[in-house]
Amino acid sequence: TRADSAVPDRAFAAFRTGEEVNSHIFRLLICVKVIEEGARLSSGMTQIDQLRRYGLFDAKVPRYTSYPPANHFAADAGTLHQRDWLQAVPQGSEVSLYIHIPFCKRLCWFCACRTQGTKTLRPVDVYVNVLLQEMVQVARLLPSDVRIGRLHLGGGTPTILSPKTMTRLLKGVFDSFQRAEGFEFSVEIDPTEAAPDLLQTLADHGMNRASIGVQDFDPKVQDAIGRAQSFAQTFDCIQILRDAKVHSLNMDLLYGLPHQTRASLVDTLEQVLALQPDRLALYGYAHVPWMSKRQVMIDGTALPSAEARFELTDMAQRMLRLDGFLPIGIDHFARPGDSLAVAAHSGGLRRNFQGYTDDQAKVLIGLGASAISQFPQGYVQNHAATAAYTSAIGQGRLAGARGHVLSDADRLTARMIEQLMCSFAIEAQALAVEFPDQGATVAGAVAALVAAYPDACRSDGTGLQIVDGFAPLVRVMAGHLDHYRAGQMAHSSAI
């Protein structure tokens with residue numbers, strides 16, 4: 001029976017037109033029953049056994065937001081190449097710009113990002129001064145007609161900045177870089193640290209996409225991860241953004257958190273869907289206390305097992321599909337008219353350090369401590385420690401400290417992994433255009449995957465397609481192509 005056939009069309013339409021909020025609740029209550037039954041049927045022992053046999057629940061693999069992953073970047077590679085690669089950006093290019101704000105007033109225990117706590121805004125204001133210096137240094141090395149098509153402020157907590165400091169930062173950006181036609185400006189927003197005047201300042205400077213962190217609304221889960229955030233705070237933040245004409249809203253959720261259950265995640269999803277975001281990211285919590293020391297605050301015994309994580313994400317994905325979201329890659333969802341959904345349908349979906357994107361720029365410039373830049377020639381990461389970053393910029397040097405020079409083999413493997421992650425396929429015909437002399441290598445990679453995962457993928461003799469139901473294995477399959485896997489650091493769960 002079709003899942004949506006159990007729900008009257010009138011109930012689907014009522015919430016969209018604002019006729020009756022209760023109809024949305026009614027619809028979701030029915031959907032939960034359908035989801036539970038569907039999950040029981042489709043996630044039965046046959047599929048679980050097959051996924052278990054292929055090692056899904058034991059595998060620790062990278063998220064592959066780059067290839068090679070950042071833990072394989074070499075010391076000094078950034079210092080050696082950053083200037084040359086910036087100067088090699090072609091005239092008239094459209095590039096993307098990422099600015100990292102590594103400060104938070106509270107350090108959420110689940111977070112593994114490069115951040116530091118602060119009680120006052122003084123170190124933040126000093127850091128912005130350094131960012132402005134780096135911006136000028138970088139802009140001077142680029143051709144004068146380079147334009148930015150995307151600007152993203154991440155962290156940390158970008159919304160920790162005061163309106164005055166944010167205005168100073170954005171003025172520096174737009175004094176240094178011209179905006180391209182169709183310019184997109186997105187900001188990561190913590191609703192508990194987002195004053196109305198700061199949100200208005202961002203909107204006044206052209207912010208047209210907001211990425212709102214939620215993680216989970218359940219109080220018990222929030223207590224366990226050190227992040228208190230009410231639905232009311234989130235709702236108020238979204239209303240301010242919509243009043244400011246910022247209508248493109250993303251929301252970030254986590255599954256696999258301590259004390260998280262199917263029932264509690266359904267409750268969170270019901271509240272999130274009531275806020276009507278345009279996109280959702282549903283990430284698996286990465287418990288890596290050996291890398292992020294603050295995660296020792298999280299009780300590891302309260303975390304769901306790998307198989308329980310699978311059930312959580314499977315249930316959540318069903319619920320999002322029933323609400324009309326289209327699945328994008330392994331962990332993103334978008335409304336049909338959203339640009340990310342359009343890119344996925346047309347083959348234009350890409351993957352970078354922010355996850356899935358429709359950004360087609362070949363150069364991503366990262367500014368700030370630990371920020372990573374991506375060039376056709378390779379990757380450069382700035383000094384991770386704020387003090388080292390500040391010292392380098394203060395001495396008139398670029399801040400690149402680590403990086404990787406891409407070989408031809410790296411580029412081919414990177415594209416195959418990106419294809420797997422974006423479309424669950426290896427598209428040999430497209431690869432032949434980009435790598436005309438590497439047909440044998442591609443065929444060998446395809447054959448190796450078919451041999452290793454015979455039930456999970458099929459091949460027409462050239463390309464490869466992951467079979468329906470086996471998409472959760474995609475990171476494991478990507479790891480099978482990864483020439484840097486031997487001896488690498490432990491990563492997070494593959495599910």
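This is a predicted model: local features need pLDDT of at least 70, side-chain atom pairs count only at pLDDT 80 or more; totals for chains, interfaces and linings use all residues.
Trainee: At what angle do α14 and α16 cross?

Mentor: Axes are lines fitted to C-alpha atoms over the stretch in contact, with angles from 0 to 180 degrees between N-to-C directions; helices are DSSP runs (H or I, at least four residues) numbered from the N terminus. Here the axes of α14 and α16 (residues 439-452) cross at roughly 45° and come within 11 Å, so the pair is oblique.

Trainee: Which residues make the contact?

Mentor: Contact means heavy atoms within 4.5 Å. Leu412, Met416 and Leu420 of α14 meet Thr441, Val442, Ala445 and Leu449 of α16. By class, 6 of these residues are nonpolar, 1 is polar and none is charged.

Trainee: What volume does the second largest pocket have?

Mentor: A pocket is an open set of points on a 1 Å grid where a 1.4 Å probe fits, with protein on both sides within 12 Å along at least five of seven lines; lining residues have an atom within 4 Å of a point. This one has a volume (space filled by the probe spheres) of about 940 Å³. Among its 45 lining residues, Gln317, Arg321, Phe424, Ala471 and Pro472 are closest to the centre. α11 gives the largest share of the lining, 7 residues.

Note on methods:
Residues are numbered from 1 along each chain as its sequence is written. Side-chain values use heavy atoms; hydrogens and water are left out. Helices (H or I, at least four residues) and strands (E, at least two) are DSSP runs, numbered from the N terminus. Angles under 35 degrees count as roughly parallel, over 145 as roughly antiparallel, 65 to 115 as roughly perpendicular and the rest as oblique. Ala, Val, Leu, Ile, Met, Phe, Trp, Tyr, Cys and Pro count as nonpolar, Asp, Glu, Lys and Arg as charged, and the others, Gly among them, as polar.
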